[in-house]
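The exercises below are meant for a reader who meets this structure for the first time. Each one sets a task and then works through a solution step by step.

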Amino acid sequence: GPVMSQTTPGTPTHCPYCALQCGMRLTAAGAGAGGRPVLTVTPRADVPANGGGLCQKGWTAAELLTAPDRLTTPLLREHRDAPLRPAGWDEALDFAAARIREIQAAHGTDAVAVFGGGGLTNEKAYLLGKFARVALRTGQIDYNGRFCMSSAAAASNRAFGLDRGLPFPVTDVARADAILLVGGNLAETMPPFVRHLAAMRQAGGRLIVVDPRRTPTAALADLHLQITPGTDLALALGLLHIAIAEGLVDTGYIERRTTGFAAVRTSVSAWWPERAERVTGVPASRMREAVRTLAAARNAMILTARGAEQHAKGTDTATAFINLALALGLPGRPGSGYGCVTGQGNGQGGREHGQKADQLPGYRRLDDPAARAHVARVWGVDPDDLPGPGRSAYELLEALGTPHGPKAMLLFGSNPVVSAPRAGLVADRIAALDLLVVTDLVLSETAALADVVLPATQWAEETGTLTNLEGRVLLRRRAAPPPPGVRGDLAVISGLARRLGQDPAAFPEDPRAVFDELRRASAGGIADYSGITYERIEAEGGVFWPCPSEDHPGTPRPFLDRFATPDGRARFVPVEHRAPAEDLDERYPVYLTTGRVLAQYQSGAQTRRVAALNEAAPEAYVEIHPDLAERLGIAAGERVRVTSRRGTAEGVARISTAIRSDTVFMPFHWAGEGRANLLTNPALDPTSRMPEFKVCAVRVERIPGA
Ligand code: SF4
């Protein structure tokens, strides 16, 4: 990889937002309010993921550092009815630790829960998992990445024995001759990714997009399959049926590199194109065209994203697309393959180091005795003292404050009051806690409910590693000092651990010390980081895991020779289509699907504080097809109310032919009554525990007089 030029001014680092982790430089450009340095962002051409591009969110990222409502002092609420008031760090941490001790003494160790985030660095995710299991001895830890890519992760583990979002460098996309992108709107969520798709198309490759909306990404495609929400799995079964019926499967590859094809062949035999058309709404002729395009390509890829994955059958849906990719002989061939386009900045690393309910560092299973023994040795504890698996993210949030659920929660880098499904109930449950401790940059909607709020440093004020969507471990560097009064998440965890009687040396606040321990804990695991050092990342521009020793080059394409299963072969797994957890009826006759817009990110806690982004996307809206709008008597710009079985949200009507006439779309970035997640269905996937964000049944009405 390219070596950073020592003469270029500024600090080379990466964007604070999404999983593409675009490279940028930060240069001091004078002093701003309070004498704090103002930083200028310039894109880096030496980072292959963005190759000199940035999206609007990246260009304006430095503004986040000087957000006017940035927290600079801890806040404390001594009684549930008292207001939050400023407090000193010792006072706030002492208060939190004392309450944790009281609550655990009264109700047991599992009465304290921990909730993390896919934006936390690898070091933070690692130390948080260790803190939960060792300092709190609670099994109740999970994170918002459960809501992101957990379905594709479960499917990849099942098929390949390893989950690395893209098991190839993102630049391989340009080498494909055809790509099937299922449920991803990359032109808005990660615009610089489009340059790889454009390079593919310039070289004659074809892009096929599956989405219920004609998104800006679907508009770039050669073929758009405008599917009925919740039917991606049926589409995959129909496509595989066609591939088999037309003799387009790669029998040599299936023979050499896979197991289990016969059962899958049988399971799709009844998925005639006409039946798949009836279920999905996609014309059979278009399905045939898609399959023939993929099969004719020398190199082809199938990529899934949240549109396919955020369903109560998300794991099986991703599995069905993996089955299709295997039948066509794609995974493990350079320039071809199956991949999941991860969303959050450290969505990949966030699921590898143990902040997930069922995982230990190194992407190990918490219920595996050998894994427990290894990690316990690194941590200097008895393996029998490590708690077992806890509740998944939504199940954890739903249990808060209930008789058998946690009474306290420590939350880092997440805003579930806006981002969790059935957000109204989640907010009520959080409010019912005896103790909520939130570490964040600003008083997010969730932090506003806390008893202790701890002001945290940001991306450009601290150093740490992240692992981007292609499994490349990157280094974010400190480019400016944090405002006085603010501390890093690692210092918060360390300070709490010390107050809970832990040896400070076991919970260091220095990211490099944490990373060195993470390397040892990951050694021999699936996500092996033991050969990765900060120096190597700096010199090589990033290192792909697994990287088991310092003289190992890293693994850009882990499946070239064999898959990570015991016999080295990928596994076909038969799966069945099923209807969405909630279908349309007379009271709720319209589908709702949710997603993101270009100028906002996730719960909006960050991007709503950047003026240019807020101007570009200021408020919640509801995208409605003209036919549906006419039927409902709704005109563009009017306020509408959307109601599901779980709640009511409001937004401005946007009339557009981009959406199907049986479906409305709402982005989920806003708070208050504009919260799309007041409506969404927490029906969970049985394997990944992913909620069904992407489809539920709603009623849409004009708000009279509004
Ligand atoms: Fe940042 Fe993602 Fe935009 Fe790149 S695409 S600038 S990483 S938000």
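**Exercise 1. Describe how domain 1 and domain 3 touch, and state which classes of residue domain 1 brings to the contact.**

Step 1. In this predicted model, 8 residues of domain 1 are in contact with 11 residues of domain 3. On the side of domain 1 that touches domain 3, the residues divide into 4 nonpolar, 2 polar and 2 charged.

**Exercise 2. Work out which residues are closest to the ligand, and which domains give residues to the shell around it.**

Step 1. The ligand is surrounded by 14 residues, and the closest are Cys15, Cys18, Cys22, Cys55 and Gly58.

Step 2. Sorted by class, the shell around the ligand holds 10 nonpolar residues, 3 polar ones and 1 charged one.

Step 3. Because domain 1 (11–66) and domain 2 (150–340) both give residues to this shell, the ligand lies between them.

**Exercise 3. Determine how helix α8 is oriented towards α14 and towards α11.**

Step 1. Begin with α8 (residues 232–245) and α14 (residues 314–327), whose axes come within 8 Å and cross at roughly 20 degrees. Since angles under 35 degrees count as roughly parallel, α8 is roughly parallel to α14, and the crossing of the two helices is left-handed.

Step 2. Next, list the residues that meet: α8 brings Asp232, Leu233, Ala236, Leu237, Leu239, Leu240 and Ala243, while α14 brings Asp316, Thr317, Ala320, Phe321, Asn323, Leu324 and Ala327. By class, this contact has 10 nonpolar, 2 polar and 2 charged residues.

Step 3. Turn to α8 and α11, whose axes come within 9 Å and cross at roughly 165 degrees. Angles over 145 degrees count as roughly antiparallel, and α8 and α11 are therefore roughly antiparallel to each other; their crossing is left-handed.

Step 4. In this contact, Ala234, Leu235, Leu237, Gly238, His241 and Ile242 of α8 meet Pro273, Ala276, Val279 and Thr280 of α11. The contact of α8 with α11 is made up of 7 nonpolar, 3 polar and no charged residues.

**Exercise 4. Find the orientation of α11 relative to α12, and name the residues that meet.**

Step 1. Helix α11 (residues 273–280) and helix α12 (residues 284–296) pack at an angle of about 110 degrees, and their axes are 9 Å apart. This angle makes α11 roughly perpendicular to α12, and α11 passes α12 in a right-handed crossing.

Step 2. From α11, the residues Pro273, Glu274, Ala276 and Glu277 meet Ala284, Met287 and Arg288 of α12. The residues of this contact divide into 4 nonpolar, no polar and 3 charged.

**Exercise 5. Locate Pro546 and Tyr363, and describe the backbone at each of them.**

Step 1. As background, most residues other than glycine have a negative phi, and most peptide bonds are trans.

Step 2. The peptide bond from Trp545 to Pro546 is cis, with omega near -5 degrees, and Pro546 lies in the loop between β21 (543–544) and β22 (570–571).

Step 3. For Tyr363, phi is near 60 degrees, which is a positive value in a residue other than glycine. Tyr363 is found in the loop that runs between β14 (359–360) and β15 (364–365).

How values were computed:
Residues are numbered from 1 along each chain as its sequence is written. This is a predicted model: local features need pLDDT of at least 70, side-chain atom pairs count only at pLDDT 80 or more; totals for chains, interfaces and linings use all residues. A residue is near a molecule or strand if its C-beta atom, placed from the backbone, lies within 6 Å of it. Ala, Val, Leu, Ile, Met, Phe, Trp, Tyr, Cys and Pro count as nonpolar, Asp, Glu, Lys and Arg as charged, and the others, Gly among them, as polar. Domain bounds come from an automatic or database domain assignment. Axes are lines fitted to C-alpha atoms, for helices over the stretch in contact, and angles run from 0 to 180 degrees between N-to-C directions. Helices (H or I, at least four residues) and strands (E, at least two) are DSSP runs, numbered from the N terminus. Angles under 35 degrees count as roughly parallel, over 145 as roughly antiparallel, 65 to 115 as roughly perpendicular and the rest as oblique. A crossing is left-handed if the near helix is turned anticlockwise from the far one by less than a right angle, and right-handed if clockwise. Two residues are in contact if their C-beta atoms, placed from the backbone, lie within 7 Å.
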